[in-house]
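The questions below go through one protein model, starting from a single residue and moving out to the whole chain.

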Amino acid sequence: MSGSKCVRLTGALVKQVLDSVDSVLFDCDGVIWRGDQAVPGAAQVINLLKEKGKKVFFVTNNSSKTRKMYVDKMTTLGFHVKEEEVFGTAYCSAVYLKTVCKLQGKVYLIGSNAMQQELEAVGIQPLGMGPDHISGKQADWANVPLDPEVKAVVVGFDEHFSYMKLNRAMQYLSQEGCLFVGTNRDTRLPLEGGKAVPGTGCLLQAVETAAQHRAQTVGKPNNFMFDCVASQFGVNPDHCLMVGDRLDTDIMLGSNCGLKTLLTLTGVSTVADAEDHQKSGSAERQGMVPDYYVESIADLLPALQG
Ligand SMILES: [Mg+2]
């Protein structure tokens, strides 16, 4: 990429950038919707990009929904979307275990029903879903019965996360050759009104601390999310734009994979955050500086309607 970075995408430059790509990857929360509300104009942008022959994909670190659940939500909000265009970490983790790890065995899952469904869809049997309350004494916890067929521990968002789940994951991970996979490292889930709740990164760090080693993560900024899309749809990174609201996940993924990057200001990160990275002089932090930014993806509309 020649020229300066973190440029406001406006006027004739919008069409120029869109003409230079044939695929666009969108993060979801903070980009096309906020909570249960579509970002105004977002559905029109997505639908017009598709009408103009662009390939559009959705890449989200949120592991609480299956592809089908995302399509249902998007359809309700007015987006024209097919299941195969949606790459959430519930789906991508299942694909990762199946195709990269070639897992033979069951999964001990700290995660959601959505993750259970996506694992089952690729023929992997998960166990451990739902509440797991503590009983007995410490010696009982250390000798908790384990399923000998479990060959991997997978950690995603789990509203029933507990001490007993943490213990069980640690006992499985103490076994020789047990794989350790996390969906993502996002530490907080932002909500409307400036509120937030703890994200999967908190749960994953707890398990990593107990297990005394790090998990392989599947979600952004790991290349696997893009590789998953690219391998299924033949996407050329030189002609692909990544649109996101977070510098450390979305924009970093785009930089890691050689994509053009666009920050939208309807979510977590700000232009000041990007400029701080740019001025830092740190090579790693340059990966969190987007090529372009917009106030909202609705800023792309005039170029698409013209
Ligand atoms: Mg987001």
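Q: Is Pro221 buried or exposed in this predicted model?
A: A residue counts as buried if 20 or more other C-beta atoms lie within 10 Å of its own. Pro221 has 25 other C-beta atoms within 10 Å, so Pro221 is buried.

Q: Which residues is Pro221 in contact with, leaving aside its neighbours within four places in sequence?
A: Pro221 sits in the loop between strand 13 (216-217) and helix 9. With neighbours within four places in sequence left aside, the contacts of Pro221 are Asp248, Thr249, Met252, Leu253 and Asn256.

Q: What distance separates the C-alpha atoms of Pro221 and Ala283?
A: Pro221 and Ala283 are 62 residues apart along the chain.

Q: Which helix gives the largest share of the side of domain 1 that touches domain 2?
A: Domain 1 covers 7-61 + 221-305, and domain 2 covers 92-217. The contact takes 9 residues from domain 1 and 10 residues from domain 2. On the domain 1 side, the largest share is 3 residues, and these come from helix 9 (residues 224-233).

Q: How many nonpolar, polar and charged residues are on the side of domain 1 that touches domain 2?
A: The C-alpha centres of the two domains lie 30 Å apart. By class, the side of domain 1 that touches domain 2 has 4 nonpolar, 4 polar and 1 charged residues.

Q: At what angle do helix 4 and helix 5 pack?
A: Two packed helices are described by the angle between their axes and the distance between the axes. For helix 4 (residues 89-100) and helix 5 (residues 113-121), the axes are 8 Å apart. Their crossing is right-handed, and the angle is about 35°.

Q: How many nonpolar residues are in the contact of helix 4 with helix 5?
A: Helix 4 brings Ala90, Tyr91, Ser93 and Ala94. They meet Ala114, Met115, Glu118, Leu119 and Ala121 in helix 5. By class, 1 residue of this contact is polar and 1 is charged, while the nonpolar residues number 7.

Q: What is the radius of gyration of the protein?
A: The C-alpha atoms fill a box of roughly 70 × 40 × 35 Å along the principal axes. A compact globule of 306 residues would have a radius of gyration near 19 Å; the protein agrees with this, at 20 Å.

Q: What percentage of the 306 residues is buried?
A: The protein has 13 helices and 16 strands. Of the contacts with a separation of 6 or more, 73% are between residues 24 or more positions apart. Buried residues make up 45%.

Methods
Residues numbered from 1 in each chain as written. Predicted model: local features only at pLDDT ≥ 70, side-chain atom pairs only at ≥ 80, totals over all residues. Domains from an automatic or database assignment. Contact = placed C-beta atoms within 7 Å. Helix = DSSP H or I, 4+ residues; strand = E, 2+ residues; numbered from the N terminus. Nonpolar A, V, L, I, M, F, W, Y, C, P; charged D, E, K, R; others polar. Axes fitted to C-alpha atoms, helices over the stretch in contact; angles between N-to-C directions. Left-handed = near helix turned anticlockwise from the far one by under 90°. Rg over C-alpha atoms; globule rule 2.2 N^0.38 Å. Buried ≥ 20, exposed ≤ 12 C-beta atoms within 10 Å, placed from the backbone.
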